[in-house]
Amino acid sequence: MYIRPVIHGETIMIITRYCSINPEQVSVNKTILLKNPDSDKKNLLKTLYRHLYIQYPKFFKMDPLSKLAFLSAEILLRDMNVTTRYPSEEIGMILLNSTSSLETDEKHQESINDRGNYFPSPSVFVYTLPNIMAGEIAIRHKIKGENAVIIREKPDVQTIFQLVDELFSRKRVSCCIAGWVESYHDRLSSCLMLIENEEMAKTYIEPEEIIIFDPSNIERIFKEVLLDGRTDGKA
């Protein structure tokens, strides 16, 4: 287990909001926004887009993984004004999933398998990298800080904590979006957290609402919001 020694006077990281999307419910912290939105992944994403009253035509061109990441970030950042409270260059992103962009990779492969009907689409090809979901979030919210998409078999608490802690301790970010975004055929599951330093969090969060960003709280949140409390990445 990775445990970084606490140094007196160092920045303490706080989870100021977390959100989750799965086929059973959409939630922010412990508040449910939608219950049983739709078991069909495509319908669920469309329903949620309309529920949030978003006007962003590019959304319909995205692949399912990017749509899920985009909607998760919309819920996480709504009314949080992060780009007015932090320089864009100091807002980072650490995202994990287990199947990378495999669903779109398969779709692209199908388009080039048939040499008699060879027509690979550039609009599909662009989503054959998993970090495009981070790019879509960055474009939408004008985020310019360091970001990474890491492939792990399951939601990896230690990896998330270690990477975010590293960014904060090296003062590469003052705010970070981190969590799990997984979409593969009928599988869909996300949990994102917004992490800020304690001094900023204290300006608008009540003391009893403060959640320290540490491995135990990350794991508790994953178990709380990922479907059936599983942390194996399947939904």
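Y49 counts as buried, at 7% relative accessibility, in what is a predicted model. Y49 pairs with F60 edge-to-face, with 4.9 Å between the ring centres and 70° between the planes.

**Aromatic rings**
- The structure holds 6 aromatic pairs, and ring pairs join Y49, Y56, F59, F60 and F70 into a cluster.
- The pair of Y49 and F60 links distant parts of the chain, 11 residues apart: Y49 belongs to helix α1 (residues 41-51), and F60 to the loop between α1 and α2 (64-77).
- F60 counts as partly exposed, with 45% relative accessibility.
- Y56 and F70 are stacked, because their planes meet at 20° and their ring centres are 5.0 Å apart.
- This second pair also links distant parts of the chain, with Y56 in the loop between α1 and α2 and F70 in helix α2, 14 residues apart.
- Both partners are buried: Y56 has 15% relative accessibility, and F70 has a relative accessible area of 1%.
- K67 sits over the face of F59, 5.4 Å from the ring centre.

**Cysteines**
- A search of the whole structure finds 0 disulfides.
- For C19, the nearest cysteine sulfur is that of C191, 7.0 Å away; C19 is buried, at 0% relative accessibility.
- C175 is buried too, with a relative accessible area of 0%; its closest cysteine sulfur, in C176, is 7.3 Å away and therefore too far for a bond.

**Strand β2**
- S27 lies in strand β2 (residues 25-28) and is buried, at 3% relative accessible area.
- Beyond its neighbours within four places in sequence, S27 is in contact with Y18, C19, S20, I32, L33 and V225.

Key: Residues numbered from 1 in each chain as written. Predicted model: local features only at pLDDT ≥ 70, side-chain atom pairs only at ≥ 80, totals over all residues. Heavy atoms only, no water. Disulfide = S-S within 2.5 Å. Buried < 20%, exposed > 50% of the residue type's maximum accessible area, 1.4 Å probe, protein only. Helix = DSSP H or I, 4+ residues; strand = E, 2+ residues; numbered from the N terminus. Contact = heavy atoms within 4.5 Å. Phe/Tyr/Trp six-rings, centres within 6.5 Å; stacked < 30°, edge-to-face > 60°. Lys NZ or Arg CZ within 6 Å of the ring centre and 35° of its normal.
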